[in-house]
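Dear colleague,

I am passing on the structure we spoke about, with a short account of what came out of going through it. Please read the notes below alongside the coordinates.

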Amino acid sequence: MDSRHRWAVFLAGGDGTRLRSLTLRIAGDLRPKQFCRVFGEQSLLSETRARVKPLFDNDREIIMVSQCHEQFYREELVHTGGSRVIAQPLNRGTAIAMAMALLETSRA
């Protein structure tokens, strides 16, 4: 399949409640796990993006986040190239995030 028809969708809008005690110890604040540096110098989100980068064009990447986490992703996502960062007003779960991502891909 032509790479122009593939999209990478990163669901990074969760609140990270299940691992909150661990991320609190690692980061010292209540950041969700996707914005936490667990294994090295990069957050889990950055590590994931780096792993799939060879498979997708930069303009075929959607990163779903929640506005309430902006303090944690602002710097990390400032240089996303052609990626689309979509900030949901509130975390409404995976289904809503996927629907928003599908809507974005259908517009492209």
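A residue is called buried here when its relative accessible area is under 20%, and exposed when that value is over 50%. Please keep in mind throughout that this is a predicted model.

With that cut-off in hand, I begin with Gln-34, which has a relative accessible area of 11% and therefore counts as buried. Gln-34 belongs to the loop that lies between α1 (20-27) and α2 (44-52). A polar atom of the Gln-34 side chain lies 3.0 Å from the backbone oxygen of Gly-14, and Gly-14 is also one of the residues in contact with Gln-34 once neighbours within four places in sequence are left aside. The others in that set are Ala-12 and Gly-13, together with Ser-43, Leu-44 and Leu-45.

Turning to the sheet, 3 strands form an open arrangement with parallel pairing, in the order β1-β2-β3. Because β1 (8-11) and β3 (84-88) each have a single partner strand, they stand at the edges, and one side of each is left without a neighbour in the sheet. On average, and with direction ignored, neighbouring strands of this sheet are turned by 20 degrees against each other.

As for the pairing of β1 with β2 (residues 61-66), the two strands run parallel and are joined by 4 bridges, and Val-9 stands opposite Ile-62 in β2. The helix α2 lies across both β1 and β2, and runs at about 165 degrees to β1.

Terms used:
Residues numbered from 1 in each chain as written. Predicted model: local features only at pLDDT ≥ 70, side-chain atom pairs only at ≥ 80, totals over all residues. Heavy atoms only, no water. Buried < 20%, exposed > 50% of the residue type's maximum accessible area, 1.4 Å probe, protein only. Polar contact = N/O pair within 3.5 Å; in protein donor to acceptor, adjacent residues only side chain to side chain. Contact = heavy atoms within 4.5 Å. Pairing = 2+ DSSP bridges. Axes fitted to C-alpha atoms, helices over the stretch in contact; angles between N-to-C directions.
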